Amino acid sequence: LLSKRLQAVYQMVDANTRVADIGSDHAYLPVELIEEKVANYAIAGEVAKGPMSRSKEDVDKFGLSDKIDVRLGDGLAVIKADDLIDTVVIAGMGGILIQNILTNATAEQLSHVKTLVLQPNIGEPLVRRWLVENGFKIVDEDIVEEDRHVYEIIKAEKVTEPITLTDAELLMGPVLMQKKTPTFVAKWEHKLNGYHKAVANMGYAKKIDQAKIDVMNQNIQYIEGIL
Ligand code: SAM
């Protein structure tokens, strides 16, 4: 039922959890988590009415409406403290949107949340920065390729000690850098190639954007230091 990308997200969810899948669309993930008895309870949150009513139909069809609540709302507004949600999943959106959704969450909505599973389609460093600044430590990461797009999945846990990540870790992912899977290496070799070409081309530009060149050279250094 799940795509390779959603399967990788699914793998990051711990057993015996109470999960809110924010921006659930078709609710495939909560359905699988409940059917496979990974999660004990799930909320499928959606801001758009169309997907939400479709999700409701699917949840009813699978006979899962006692374990999955499909709720209409913006971001974590679908979570109440007495739902005792301990795991929030936000997948399949841009990093800026994920960061905004998390920033708009209230203390009450996050009160029982121990684990975040985030899958930004782009803008992963923004998401990692939000985690560092808000006391969530990255405990696992995965990277998968599907339909010629590479997706990163980030799992983080609430901690009390201060956390720091280097700029290279924000860019490439602290766990992914350690795992260094073939998909990771292929992604960053491709990016490295792109940066080298872009820096070379910029040298010929009429107006040289030195700040942009500096960022790319910095990224080249980070990537070459890891590959
Ligand atoms: N999470 C699913 C997945 O990974 O396959 C669906 C991803 S879909 C591309 C993104 C969904 O997020 C859309 O259904 C959209 O309506 C929903 N969405 C966007 N902004 C949202 C927000 N602020 N709160 C809740 N849902 C949101």
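These legends describe close-up views of one predicted model.

Residues are numbered from 1 along each chain as its sequence is written. In this predicted model, local features need pLDDT of at least 70, side-chain atom pairs count only at pLDDT 80 or more, and totals for chains, interfaces and linings use all residues.

**View 1. An open sheet has seven strands.** The strand order is β3-β2-β1-β4-β5-β7-β6, and the pairing is mixed. Strands (E, at least two residues) and helices (H or I, at least four) are DSSP runs, numbered from the N terminus. Two strands pair if DSSP finds at least two bridges between them. The edge strands are β3 (68-72) and β6 (136-146), each pairing on one side only. From one strand to the next, the twist averages 15°. Axes are lines fitted to C-alpha atoms, for helices over the stretch in contact, and angles run from 0 to 180 degrees between N-to-C directions.

**View 2. Strands β1 and β2 run parallel.** β1 covers residues 17-22 and β2 covers residues 39-46. Six bridges join them. Which residue of β2 is the bridge partner of Ile 22? The partner is Gly 45.

**View 3. Helices α1 and α2 pack together.** α1 spans residues 4-11 and α2 spans residues 28-35. Their axes are 11 Å apart, at an angle of about 50°. The two helices are therefore oblique to each other. (Angles under 35 degrees count as roughly parallel, over 145 as roughly antiparallel, 65 to 115 as roughly perpendicular and the rest as oblique.) Leu 6, Val 9 and Tyr 10 of α1 make the contact with Tyr 28, Leu 29, Glu 32 and Leu 33 of α2. Residues are in contact if their C-beta atoms, placed from the backbone, lie within 7 Å.

**View 4. Helices α4 and α5 pack together.** α5 spans residues 124-133. The axes of α4 and α5 lie 7 Å apart, at an angle of about 20°. These helices are therefore roughly parallel to each other. From α4, Gly 95, Ile 96, Ile 98, Gln 99 and Leu 102 take part. They meet Glu 124, Leu 126, Val 127 and Trp 130 in α5.

Technical notes: Two residues are in contact if their C-beta atoms, placed from the backbone, lie within 7 Å.
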